[in-house]
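The exercises below are meant to be worked with the sequence and the coordinates open side by side. Each task is followed by a solution that goes step by step.

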Amino acid sequence: MIKTTIALAVSSVLLVAGCNSQNSAPLNGQEGQQITAKNTLDNPLLRQSILQYQAPEFNLIHDGDIKPAFENGIRENLAEIDKIIAQRDVTFENTIVALEKSGETLSRVGNYFWNISLTDSNPERRALQQELAPLFTQHSDNIYLNKSLFERVEQIHNNRNSLNLDSESIRLVEVYYKRFIRAGAKLTESQQTKIRALNKEHSQLTTQFGQNLLQETSNIAVVVDNKNELKGLTDVQIESMAAAAKQAGKGGKYLISITNTTRQPILANIQNRELRERIWRASAERAQSGETNNMPIIKRLAEVRAQRANLLGFDSWAAYGLSAQMAQTPEAVFSMFSGMTDALMANVKLETKAIKAKMAEKGEKFELQPWDWAFYAELVRQDKFALDENTVKSYFEFNRVLEDGLFFTMKELYGVEFKHRPDLPVYHPDVKAYELFDHDGTSLAIFYADYFARPGKRGGAWMSSFVDQTHLLEQKPVVVNVMNIVKAPEGQPTLLSYGEVTTMFHELGHGIHGMFSDVNYPSLAGTSVSTDFVEFPSTFEEDWAIHPTVISNYAKHYKTNESIPKDLLDKIVRSRSFNQGFDTLEYVAAAIVDMEWHSLKPNNKVENAEQFEQDMLKKHGLYVPYIQPRYKSAYFSHSMGGGYSASYYAYMWSEILAADAYAFVQSQGGLNRKIGDHYRKNILEVGNSRPLMESYKAFRGKAPTTDALLTRRGLQTTKL
């Protein structure tokens, strides 16, 4: 998942003019205390960092620096906007370029704060989030709904083809114009007053949604009193749970943390059915009651989004959101999924039959439930492939995967090298800083690796940036990858599942999309592309994890250093298509729920969110009681709290591009610099500087088909 500072700050609301000012927080009409020269020197957020590429000075920044920096940054930004409007002549340079250059302080403090709030939260930072997020939205509205500023942008847009601009500059003008229009620049004054109120409420709701989930992380952890209940787990897993319980003040017990999806991977191994049910319910029923109840929030969010879309001339939030994506319309998304439904449900039926047969073989008399699927599916998988998950993990030691897997692939494919930078400060001891060098020794970027779970960290995995690449501002990128891998006890190796391995490859795919960016304007840099394109480069990198040359380089037994045996590797490759019915259905179900929430009209009211989910899945022929959506609405961060509202479909849409691209690369010799450089030049470096399908065709030579996607999921042979 890609997390931009826009999404971190105020979800899917389009924000402040200029990429460089997208992280500002407004003063709510108050001037605030003036920052003195002494305060400026004392506050590292009020000046450019002295570190390489303006990497944040984590060792110097304090929480007390954040709000004053936001306030000062807003004054700067508003003064810059006033100066633009005061220009008598209307030119590309004094309007569009000036907007791109504006908001230096806002960008710096926003990139720092919105990132650190998700990776290293504390009560002070959560309070600041609640205070600053809605104000930030207000400041965005003050710019995008500024009539005088929009008139300048519109004039340039109308004359863009006669201004002697290069193609990237024309693209920038078009991007700006669409931003203003989609924010409501052409609305009447009364309509703009309404949309400002809706935007403010939207920001408050999404902030509270996310904070509720963060609090739920500790609330819903399952505590086990008796070690005998943990049969099926390894000694290392049990030891980790004992350490977690001790850290939580529950010495002598065992604490099972809950990941941010409905399915809990640990259920594949726990033999105790009652414990499996406790774990599954802790996940599936979170944030639905008490102080962290998100149910009223999601219902109101759906209403607010529908009302906002209606003001902007769209039937629904989905129609509004999709109009700026490659998919264009909700109908295109529903059509994509409906075309898969028959084959998908046939696959689910076969998998269900195999699981029920295994249950019967074990003499089980109970009905199949959601907390049973993973356990019996693992037994079926062992029968079919003789593949034991713990045996597989012993070949995927974390450091080996990172250095001999991910970094090795990047060097072979793109000629780049990651070098550890222990001299750079980090925001947590588990985070490591690296510098990325090109094949000729040129320094490209700073990369932070933040892979381990900890209290105060949002669940899931994502990429974001502290500094975006731009030639205009002479900036090189500073990027972070975040995951939530459970770290082994001190002195023990951290062993990964194959799913965690592919997620590491996925997130670094986002990472290099940001780090290889080579454009002039910050608004067009790196991952500043549509949601249903941004997951393409990340998904493309996933399949390298299983490439023979790559996996033979990193899959070594953590004790013996022996390479993964060929027969075991063959089983892993063959087993990739196993359980695809379940995997695909839980994803598609979540995507459908997301689309249906955001297809509601302003006058549609949802009384019971749980019933609404079931009804929508039944409507599409996708309701299976023992296969629940990957996310239920109350903890669906992508859809309700993040920047993927009406966009969760994007993973599947992007997978079409990724599978097609990967198959094409294999036809061109696979892991080699020639095809890697071709992909880098035409996809990774260009960001949003040209139409996205134009970029894909420049790389591939033609538009993608679904053939490779079906092959990737084990359904048919690829045709190139």
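**Exercise 1.** Which residue in β5 stands opposite lysine 432?

*Solution.* The model is a predicted one, and in it the residue of β5 that stands opposite lysine 432 is alanine 449. To place this pair, take the two strands concerned: β4 covers residues 432-437 and β5 covers residues 443-452, and they pair in the antiparallel sense over six bridges.

**Exercise 2.** Determine the strand order of the open sheet, and explain why its edge strands are left without a neighbour on one side.

*Solution.* Begin with the order, which is β3-β4-β5-β7-β6, an open sheet of five strands with mixed pairing. Next, look at the ends of that order: β3 (417-420) and β6 (462-467) stand at the edges, and because each has a single partner strand, one side of each has no neighbour in the sheet.

**Exercise 3.** Check the length of helix α10, and then work out how its buried and exposed residues are arranged.

*Solution.* First, helix α10 has 13 residues (235-247), which at 1.5 Å a residue should span 18 Å, and the C-alpha atoms at its ends are 18 Å apart, so the two values agree. Second, the buried residues, those under 20% relative accessible area, are Gln237, Ile238, Ser240, Met241 and Ala245. They cover an arc of only 160° around the axis and therefore lie on the same side of α10. An α-helix has 3.6 residues a turn, so residues three or four places apart point the same way. Third, the buried residues of α10 pack against β2 (254-256) and α16 (389-393), whereas the face turned away from the buried side carries the exposed residues Asp235, Lys246 and Gln247. After α10 comes glycine 249, with a positive phi near 80°.

**Exercise 4.** Where does pLDDT stay under 50?

*Solution.* Start from the whole protein, for which the mean pLDDT is 91 and 93% of the residues reach 70 or more. Against that background, pLDDT stays under 50 over residues 2-38, a stretch with 144 contacts beyond four places in sequence in the model. Residues 716-720 are also below 50, and this stretch has 13 contacts beyond near neighbours in sequence.

Conventions: Residues are numbered from 1 along each chain as its sequence is written. This is a predicted model: local features need pLDDT of at least 70, side-chain atom pairs count only at pLDDT 80 or more; totals for chains, interfaces and linings use all residues. Side-chain values use heavy atoms; hydrogens and water are left out. pLDDT is the predictor's confidence in each residue, from 0 to 100. Contact means heavy atoms within 4.5 Å. Two strands pair if DSSP finds at least two bridges between them. Helices (H or I, at least four residues) and strands (E, at least two) are DSSP runs, numbered from the N terminus. The expected span of a helix is 1.5 Å times one less than its number of residues. Buried means under 20% relative accessible area, exposed over 50%, partly exposed in between (1.4 Å probe, protein chains only). The arc is that of the directions from the helix axis to the C-beta atoms.
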